[in-house]
Structures are given as C-alpha cells and as structure tokens.
Amino acid sequence: MRTAIIGLPQTGKTSLFSILTGAQQSTRLGTLVARVGVARVPDPRLDAVAAIFRPAKVTHATIEYVDAPSISREALRDPSYLAGLRIVDAFAHVLRFFRDERVPHELGSVDPLRDLAHVETELILSDLAVIEKRLERLEKDRKKLKSQELDQEAALLERLKAPLEAGRPLRELDLCEEEQRRIRGFQFLSQKPTLLVLNLGEEDAPRLHEIEVEFRGRLGERPRTAVAAVCGKIEAELSELPAEEAQQYRASFGLPDAALQRIVAATLSLLGLISFFTGSQPEVRAWTVPRNTTALKAAGTIHSDFEERFIRAEVIPWQALVEAGSLAAARERGLLRLEGKDYVVQDGDVLQIRHG
Ligand SMILES: Nc1nc2c(ncn2[C@@H]2O[C@H](COP(=O)(O)OP(=O)(O)OP(=O)(O)O)[C@@H](O)[C@H]2O)c(=O)[nH]1
Ligand SMILES: [Mg+2]
C-alpha cells in the first residue's frame, strides 16, 4: 500500500510526510527527488490483542508514503516523475489553508478550492494526453487489424474523454468491473482515490473539526474522495516528542487526537481496507486487506505457503478474545469458530491459520 503526498509548492507536503513517517523534518525547498517513508498504522485493538498473547514482538500494519515533488505541468511531463505517481494506490493532496506571509504561495493567495481545481486540472490534462496518444495508436492498429478487443478499448477511451474535458476526474465516474479492467494498465492519475488534507494554521486549531465539515459542504458529493484537516506545522513539531507529552501540547492548542491516527484511518477507509490480526507467542501482528477478502487470500498475505496448504482458519473477533482473557479460555468456551477458505474476513478478526 503506497500513498503519494501531492500538492502545490510550499503547501506543507514535507511537514505531513514527517507527521506520518516520523522522518526528521528537512524542509528542502522544491526538491525533485521523492522520498519514501513508512507509517505504522496505529491501532488500539492490536495493543489489546498483544496484551493477551504477550508476544516477543508486536508488528503494526504499515502504509508507505511518498513525499512527491510538487505538481506542475513541467513535472507531469517528466517520465520518471509520472512513473513515480502512477504506481501509487492513492493520493494525499495537501491544500494550504495556513496564512503566512513569509511562505510564498504559488498562485499568489490562499484559496484551497482554487488550488484543488488547479492541481486536478493538471492531472486531468495529463490523463487526456495519455488517452489521445493511445487513441492515435489504436486508430493505426485498427486499420491493419480487425479486432473487437481494440474496437472496445477505443470506444471506452473515447467515452472517458468527455467527462475529462468537462473537468471531471476519472475517480468520479462509475465504471463497471470490465471497464476498470480495461483501463487499469494506464494507471490514470485522476483516477486515484484521494484524501484531501487541509493544512490549517495554528490559529485555526480549535476550529479544526468545523473547518473540515464546512469544506466537505463546499466540496459537495465526490466519490472516492475524503477530507481530513491537520495543523501540519504543530503536528510535525509534536511528532518528535514522546506520545504523552505530544498529547498534552495538542490539548493545549485545542487540537483533537493525533493527526497520524486520523490521516491513516482516513486513508484505509478511502481504500476500502480492513485489518485482521494474527497472534502467537513470538509475534502479534496486524494486516490490512481489502474488504471482502476470503480466509484463503488472507492466509496468502501472511505467507504464500499458507495459501497453498490452507486447511482451515480459527477465527475470533478481537473483543471476544480480549473478554475471554486468553486463546485457551476462548477455545474452552467454544468462541473460536472453524472457518473454511471461502469465509469472508471481518474487520478486527483474530485468525489462526491451520495449514498442512
Ligand atoms: N505558518 C505556517 N507555516 C507552515 C505550516 N505548514 C507548513 N508551513 C511552512 O511552509 C513551508 C513549507 O512547508 P513544507 O512542509 O516544506 O511544504 P512543502 O509542500 O513540502 O514544500 P515544497 O516541497 O517546497 O513544495 C515551511 O517553511 C513550513 O514551515 C503551517 O501550518 N503554518
Ligand atoms: Mg517538500
């Protein structure tokens, strides 16, 4: 799972990267190289399950974040820059709300909705260029070779052009599975699920929730788009402190719970991911999988051998395990269910995979 942090120059992308990955802040102006870091998915359920097993090691699920160089028309013409953006599963698009005269604004003034439209337009134009190029190619090929497959691809791409030309990103279109499959290989930028991160100034900290709600209202209904507000500068500074101390400072600013938790939770739900846990003495671990994943596929994410030699899964919801106090007690009370390969894993399940 990889998310790219995108946005205009000087909006707080690197600050967000520091909050999420704990990487020390090095505000490198306009750097052209993307940095990759790993965020641990904070999960109180994992801590509760770990208290039951008391394992040697607790492993959180992770999300990779990329601190991408800022979006611009020139950058979007650079093949290696584009390639870096194409491979990600989602975008976290940072919008500048904070006012600070010492920090120059690319478009001259603070106006997050305009900035959003500006960046979206660049992504859309980039996708349109890809479509045009492919259509030209297809036209040549279809003259040489009659192929229903190519005809259908051309028809679909033609159909995608109209909404794009009207300024609608591809993520807002309802495409059937067949259409999704046909265009997957293009990895269109405007199709990425997007978390809009509102980067507020510290004076807005007490109104964080209000501003978030208001912005959602102004945005209107947008499929595969989520909104989360943060005070980037404060949170980036707090990310270098011990958790408890940071929480005290946060409260003194009137800020809600840790930004890391809210951003990561929003990213997971945007992507339709759920968590399950595995527990044993050596290791308790959280895993993320798409909603509706079967026990067989879940076993495969742990180890490919588990999928190949899968027999059954023993399943218990994490709360039931915590209430029982131990795996043995849960088993005695008949709380562990034996499930087959087609069982659909639920958010918060604790799984023991039995394999040959
Ligand atoms: N006052 C104020 N300044 C901020 C805030 N967030 C970021 N900044 C400042 O804005 C500048 C840019 O922040 P970065 O996090 O480096 O932004 P960026 O988007 O990575 O910038 P580039 O990589 O150069 O495009 C820095 O000087 C930050 O201190 C904020 O919430 N309030
Ligand atoms: Mg930066």
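Helices here are DSSP runs of H or I with at least four residues, numbered from the N terminus. With that in hand, here are some exercises on this predicted model.

**Exercise 1. Work out whether the length of helix α7 fits its residue count, then look at what follows the helix.**

Solution. Now step past the helix: Gly-220 comes next, and its phi is positive, near 80 degrees.

**Exercise 2. Describe the shell around ligand 1: which residues come nearest, which helices supply it, and what classes it has.**

Solution. Begin with the residues: there are 20 around ligand 1, and Lys-13, Thr-14, Ser-15, Asp-100 and Lys-233 come nearest. Next, turn to the helices. Both α1 (13–21) and α8 (232–238) supply at least two residues of the shell, and α1 gives the most, with three. Finally, sort by class: the shell has twelve polar, five nonpolar and three charged residues.

**Exercise 3. Find how domain 1 and domain 2 are placed and how they touch.**

Solution. First, the bounds: the domain assignment gives domain 1 as 2–42 + 60–109 + 191–270 and domain 2 as 120–189, along with domain 3 at 292–355. Over C-alpha atoms, the centres of domain 1 and domain 2 are separated by 30 Å. For the contacts, 13 residues of domain 1 meet eight residues of domain 2. On the domain 1 side, these comprise six nonpolar, five charged and two polar residues.

Note on methods: Residues are numbered from 1 along each chain as its sequence is written. Chains are lettered from A and ligands numbered from 1 in the order in which they are written. This is a predicted model: local features need pLDDT of at least 70, side-chain atom pairs count only at pLDDT 80 or more; totals for chains, interfaces and linings use all residues. A residue is near a molecule or strand if its C-beta atom, placed from the backbone, lies within 6 Å of it. Ala, Val, Leu, Ile, Met, Phe, Trp, Tyr, Cys and Pro count as nonpolar, Asp, Glu, Lys and Arg as charged, and the others, Gly among them, as polar. The expected span of a helix is 1.5 Å times one less than its number of residues. Domain bounds come from an automatic or database domain assignment. Two residues are in contact if their C-beta atoms, placed from the backbone, lie within 7 Å.
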